[in-house]
Amino acid sequence: MQKVKIPITLDPCRAAQRCLTYDGVVQLEELSRLEQVVQDQSGEIAVNIHCKNDEQGLVVVSGTIRAHLTVICQRCNDELGLDLVQDFAYSPVGLGSESDDLPDCYDVVELNEEGEINLRQLIEDELILAIPIVPKHNEASCTYSEKPASFGEIESQESKPNPFEILKQLKKDS
């Protein structure tokens with residue numbers, strides 16, 4: 001199957017009726033929030049999306065996202081490559097509707113005013129959640145050293161008088 005650009009928005013009800021499948025790519029430049037988190041300025045994110053109605057008659061948008069992203073290691077401040085594979089399964093609900101009836105295996109995605117979901121936002125959210133909170137190399141490959149890093153000389157501070165010394169004197173006098 002040929003890789004194509006994933007549409008920006010999708011009507012999940014129509015797509016589920018037709019059992020549509022999208023196998024394509026999203027450019028990293030199109031995901032501005034993710035671009036602020038990673039070091040990469042360009043690249044492709046592979047996305048597979050399947051739309052269907054499940055056994056209960058619920059509309060389901062599911063799929064897989066694959067991406068190679070570069071972030072900063074929080075231990076050594078070098079670049080760290082992450083190979084992310086994120087599976088997702090959403091069931092859309094109307095704007096302002098309750099989602100208490102949905103099974104736990106589905107996450108909720110809210111439809112916009114036109115009855116569509118924004119696939120770019122969905123993909124971006126999934127990738128941001130897939131990045132570790134504190135990304136770091138494994139200890140064997142990290143270039144972090146235990147040596148203290150100092151930049152310049154630290155001047156010694158003059159000792160400040162203890163403000164409670166006066167109270168101590170008053171107690172002795174009485």
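Which residues make a nonpolar surface patch of about 460 Å²?

Some ground rules come before the answer. This is a predicted model, in which local features need pLDDT of at least 70 and side-chain atom pairs count only at pLDDT 80 or more, while totals for chains, interfaces and linings use all residues. Residues are numbered from 1 along each chain as its sequence is written, and side-chain values use heavy atoms, with hydrogens and water left out.

The patch is made by Phe 164, Ile 166, Leu 167 and Leu 170. To join a patch, a residue needs over 30% relative accessible area and no salt bridge; nonpolar side chains (Val, Leu, Ile, Met, Phe, Trp, Tyr) are joined within 5 Å, and like charges within 9 Å. A salt bridge here is a side-chain nitrogen of Lys or Arg within 4 Å of a carboxyl oxygen of Asp or Glu. Areas come from the Shrake-Rupley method with a 1.4 Å probe, and for residues only the protein chains shown count as cover.

Take Leu 170, which sits in helix 4 (residues 165-173). Its relative accessibility is 52%, so Leu 170 counts as exposed. The cut-offs are under 20% relative accessible area for buried, over 50% for exposed, and partly exposed in between.

Now the layout. There are four helices and eight strands, in the sequence pattern β-β-α-β-α-β-β-β-β-β-α-α. These are DSSP runs numbered from the N terminus: helices are H or I with at least four residues, strands are E with at least two.

Six of the strands form an open sheet with the order 1-3-4-5-6-7 and mixed pairing. Its edges are strand 1 (4-5) and strand 7 (107-110), each pairing on one side only. Two strands pair if DSSP finds at least two bridges between them.

Let us walk across the sheet. Strand 1 runs parallel to strand 3, joined by two bridges, with Lys 5 opposite Val 25. On to strand 4: strand 3 (residues 21-27) pairs with it in the antiparallel sense over seven bridges. Val 25 stands opposite Ala 46 there, and Gln 27 stands opposite Glu 44. Why is strand 3 described as largely enclosed by the rest of the structure? Because five of its seven residues are buried.

Further along, strands 5 and 6 run antiparallel, joined by 12 bridges. They form a hairpin with six residues between them, and Asn 77 in the turn has a positive phi of about 65°. Finally, strand 6 pairs with strand 7 in the parallel sense over four bridges, where Ser 91 stands opposite Val 108.

Last, the inside. The largest nonpolar core has 33 residues, and Leu 34, Ile 45 and Leu 69 are among those with the most contacts inside it. Strands 4, 5 and 6 and helix 3 (119-130) each give two or more residues to this core. A nonpolar core is a set of buried Ala, Val, Leu, Ile, Met, Phe, Trp, Tyr and Cys residues joined through side-chain atoms within 4.5 Å.

Leu 69 has Leu 82 in strand 6 as its bridge partner. Leaving out residues up to four places away in sequence, Leu 69 touches Leu 28, Leu 34 and Ile 131, among others. Contact means heavy atoms within 4.5 Å.

Notes
Buried means under 20% relative accessible area, exposed over 50%, partly exposed in between (1.4 Å probe, protein chains only).
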